[in-house]
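Here is a short briefing on one protein chain. Look over the sequence and the model, then read the points below.

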Amino acid sequence: MCGALRASDAGKKAVLMGWVNRCRDLGNLIFIDMRDRTGVTQVVCNKELNPAIHKKAGLLRNEYVVAAVGKVKLRDPNTINKNIPTGEVELVAEELRILNESKQPPFLPGETVLPNEEMRLKYRYIDLRRDAMQFNLELRHKVAIAIRSYLSLQGFFEIETPFMTRSTPEGARDYLVPSRVQPGSFYALPQSPQLFKQILMISGCDKYFQIVRCFRDEDLRADRQPEFTQIDLEMSYPQPERVWEVVEGFLTAAFKAAGHEIKTTFPRMSYDEAIRLYGSDKPDMRLPAMTDVREVFMAENLQTLAVNPNLPVIAIRIPKIGELSRKERDEIKPLLTAKGGAKLFEDFKRLEKSFPEAAAKIRQQSRAEAEDLIVVVAGDGKPAEHKSEGGVKPEVKQHDHAVYTAAGLLRVALAQKYAGRHRQFEKTGDPTKDFRFLWVTDFPMFEWDEEGKRWAAAHHPFTSPHERDMEKLESDPGAVRALAYDVVLNGTELGSGSIRIHRQDIQRKIFRSLGMTEEEARSRFGFFLEALEYGTPPHGGIALGLDRIVMILAGAESLREVIPFPKTARAVDLMVDAPTPVSEAQLKELGIRIGRARE
């Protein structure tokens, strides 16, 4: 391989095959940098030693595919290239073959300035030749192998589940596949193997896993793709702690494969605590927790500030940012995105002048140091009464939740905006990165769908509620906690899982709580409800996004950097030009007629 030769190989005969990375013509000597995925080796074509090879080398251009045969020679000390592993040697060509020519590419793999992303995706086969992309592909491979090996040693079987199944949309839209042999009927590509892996538990396969492709027809973001890969697992008879132990084990193996050591056991935090302390169900633990400082203000202080006295007053501290200028303070005002009427006090010095005693207590309670930024978020408007409006969260009241969430979004936005001033918030590509894992537990079982005016499953409808909350399923759904859990890393949700419902009577009760009639439940999930009647063991599991894990390990800012052939933000594959219309003959065979899409 082009990156394999070392000083110890001097005097040996070698054959190299790869791309021409660069040519330098110095008259009697032509130097060819040959490249493959392992690295670069310099090949020398000497006119005095072999005029024919020298002449052929003069024909070479970037990205030609060539083979070179010759002897490995130590470079002169003053010509050693210390920037590459092969820099002490070169190959003196005795034979040179042009295996294939190349058009001038729209960009070169060795260029330091990249073209726009659309160009990179259109010519993905050129883009993937770059060192960074080759590194990401190798990293993905190593991580997947480490996970497979760990789970296999733990007694898990890797079992494939169908890609063509029935449509049971929950949240995201399904991708539908028309059936030619069953006209008018459609398969759906799976959003996850959820029901199949639960049926595997009913089937006696007590430890299942799969690194599987899943499909969701939803709007794209930097951390979303219409087709993605997840590490999916399920096991029989577990407590949540057993699932967490397995996940921590394979994440340790995966991160070790990428050169990182992580600490286990991961900290655990309830959903309600995460909202109160971080304003998010996927908190970034690299930043200090928020502090509710409402009690440091007297009632008349809150009235002067036009702050709702019944809602939290949240102090946000971002370390070592220093004092902000007037312009910067104005710039952070739009960062507070709150539908619930949250109010921002971005000038803490001004607050300090008006309320010195309260400000001193805020500094003390938030443990602020001299160079730390402090901003305060509070609820404005009329005093809110804490009623159970359709069943709010059991501890975090509905109005409080809006203030906490607004403050949590601001907390992360501030850290991202001023990342250069805050070393702990640097990109994950830094090898000294502090990976902060967290288990978030006890999620709400249901969330209120304002548009549909009904309760929806916060996780999915096969999640088991807490046993202590069963009696509230019909009387107060908003107070029911689920045996659901997420694993979070540095503000990114890596995976989500739960203990499942294994009894048919409870599953039917959950469907009723979601406003599903008996007929509808039977129509959509009849096969599963029937399977639950045949001795289903308690079971639970989780699914983690492989793409997200590799993205974080690679220090990339988008999933597209770690997926070989991704889609654009418009769900388009620019390289193969998909999706595209199909012929009338194909549509006719499927019994499909294209009409105007509904607005």
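**Surface patch and overall build**

Val15, Met17 and Leu99 make a nonpolar surface patch of about 300 Å². Patch residues have over 30% relative accessible area and no salt bridge (a Lys or Arg side-chain nitrogen within 4 Å of an Asp or Glu carboxyl oxygen). Nonpolar side chains (Val, Leu, Ile, Met, Phe, Trp, Tyr) are joined within 5 Å, like charges within 9 Å. This is a predicted model: local features need pLDDT of at least 70, side-chain atom pairs count only at pLDDT 80 or more, and totals for chains, interfaces and linings use all residues. Residues are numbered from 1 along each chain as its sequence is written, and side-chain values use heavy atoms, without hydrogens and water.

**Met17**
- Met17 sits in strand β1 (residues 13-25).
- Met17 is exposed, at 53% relative accessible area.
- Exposed means over 50%, buried under 20%, and partly exposed in between (1.4 Å probe, protein chains only).

**Helix α13**
- In helix α13 (residues 504-513), 7 of the 10 residues are buried.
- Among them are Ile506, Ile510 and Phe511.
- The buried residues of α13 pack against β17 (446-449), β18 (454-457) and α14 (518-531).
- Gly515 follows α13 and has a positive phi, near 80 degrees.

**Whole chain**
- The chain has 16 helices and 21 strands.
- Helices (H or I, at least four residues) and strands (E, at least two) are DSSP runs, numbered from the N terminus.
- Of the 599 residues, 48% are buried.
- The C-alpha trace spans about 90 × 75 × 50 Å along its principal axes.

Conventions. Contact means heavy atoms within 4.5 Å. Accessible areas come from the Shrake-Rupley method with a 1.4 Å probe; for residues, only the protein chains shown count as cover.
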